[in-house]
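Colleague: I would like to learn how to read strand pairing and helix packing in a model. Could you take me through the features one at a time?

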Amino acid sequence: MSTTVVIWVSVAVAVALLIGLAVGLLLVRRRRISFAEREEPEGAEATDTAKPPPRYRAGGPISFSSGGGGPPPAAPPAAGEPEAPAAPPPPAPKAPSAPADEAPPAPPPKAPPGPPPEPPSTAPPEPAEAIEPTSGRLERLRGRLSQSRSALGQSLLGLLGAGDLDEDSWTDVEDTLVLADLGAAATTEIVERLRGELASRGVRTADQARNALRDVLVEALRPDLDRSVSALPHTGDGAATPGVVLVAGVNGTGKTTTTGKLARVLVADGRRVLLGAADTFRAAAVDQLETWGHRAGAEVVRGAEGADPASVAFDAVKRGTSTHVDTVLLDTAGRLHTKTGLMDELGKVKRVVSKQADVDEVLLVLDATTGQNGLTQARVFAEVVDITGIVLTKLDGTAKGGIVFQVQHELGVPVKLVGLGEGVDDLAPFEPHAFVDALLG
């Protein structure tokens, strides 16, 4: 009995295996794997195409002077290395000779000579709007400056005109100066100097105190410093080269605006100006500079999308040299002073430009409302490029004015220009005497 059961179980298993094998073969035949590319319906767009790269968007008149540099000399060949001979010109192709039995074809009749082509115009574009004369610009803006600075002068004069000052009164004077963004070092120097002046002059009246304070503040601003902007052309080896001005600063300080305003001042003085849009990292920066160029009547050199800023600056100086402009203004990309890599890129811009022509002026644009942070920016920028002048913007707003003393005291770099408004011509030279008069009210 048990043997029969085993036999039937074995038969059932064998039948099941045969049925499974038959079903598997049938499914394999029905499934056909195709390796042909699937056809897309007409009008369908591919979804895996590469996206295009992101687009990057880079009292008296202002005094200008000429730099001392010219185009750098060509590097001599290395010692012991012969100069490479000039490649001979390729031979001109010879025309095939005509067979002896065939007469050469008659030359076509010559057309009558027409008028010679006109050379391309190198005249600068005309400004799109009138530019205010530079003379007397500071006088027109002095009232605007004094309105926002008189609080400091009134506080100091109130303390000094109250009679003999005790230590508490001198502490109040120091606090007033520190709160005006003069910084601890400049404040200490001014207070010590002021104490000596009041004692030596025997000050007894408010007018005498005001005169002493004015003299001390003017002296602290070092009126002997050269505040002219080196932007005029100069000659080297008999060839005239344009003055090159590099404008640097953090985004938001008014760097591009200052570049455009400076171009208008130069054009108003009869100079030909070229603008280099080397700010390729900020959206719409190039378009903003082109707008300023249109306003001032200055040509703008811009690079391709995502171009190297150093390359754009180099091309701008090269273009300015070939077209014999007087000044090339380079608007560089705004950089946070805490970003080491971006600051190194700024140094590269200056090094590359120096291969074409010397950089005569490096202007650092600072926002006067930033106070101590503005001084920190100035210190870091001075380590990367040799700053030759400071431009303080937004002095018509809530700025306290003391940053002028602090920057010059810490860096020894003169403040050369000040921005006193949002108007297109609200850029004025910095004059210590006029600034202190406006500061005291």
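**Reading the sheet and its helices**

Modeller: In this predicted model, Ile 390 has Val 415 in S11 as its bridge partner. Strands of a sheet pair through backbone hydrogen bonds, in either a parallel or an antiparallel sense.

Colleague: In which sense do strand S10 and strand S11 pair, and over how many bridges?

Modeller: Strand S10 (residues 389–393) and strand S11 (residues 415–419) run parallel where they pair, and three bridges join them. They belong to an open sheet of eight strands with mixed pairing, in the order S7-S6-S8-S5-S9-S10-S11-S12.

Colleague: Which strands stand at the edges?

Modeller: Those are strand S7 (299–301) and strand S12 (427–429), each of which has a single partner strand, so one side of each lacks a neighbour in the sheet. From one strand to the next, the twist averages 25°.

Colleague: Which strands does helix H11 lie across?

Modeller: Helix H11 (residues 403–411) lies across strand S9 (361–367), S10 and S11, and runs at about 165° to S10.

Colleague: And how should I read two helices, H4 and H5, that cross?

Modeller: Two packed helices are described by the angle and the distance between their axes. Here the axes of helix H4 (residues 184–201) and helix H5 (residues 206–220) come within 10 Å and cross at roughly 140°, and the two helices are therefore oblique to each other. Their crossing is right-handed, and by class the contact of H4 with H5 has nine nonpolar, one polar and five charged residues. Among the residues that meet are Ile 190, Leu 194 and Leu 198 in H4, with Leu 213, Val 216 and Leu 217 included on the H5 side.

Conventions
Residues numbered from 1 in each chain as written. Predicted model: local features only at pLDDT ≥ 70, side-chain atom pairs only at ≥ 80, totals over all residues. Heavy atoms only, no water. Axes fitted to C-alpha atoms, helices over the stretch in contact; angles between N-to-C directions. Helix = DSSP H or I, 4+ residues; strand = E, 2+ residues; numbered from the N terminus. Parallel < 35°, antiparallel > 145°, perpendicular 65-115°, else oblique. Left-handed = near helix turned anticlockwise from the far one by under 90°. Contact = heavy atoms within 4.5 Å. Nonpolar A, V, L, I, M, F, W, Y, C, P; charged D, E, K, R; others polar. Pairing = 2+ DSSP bridges.
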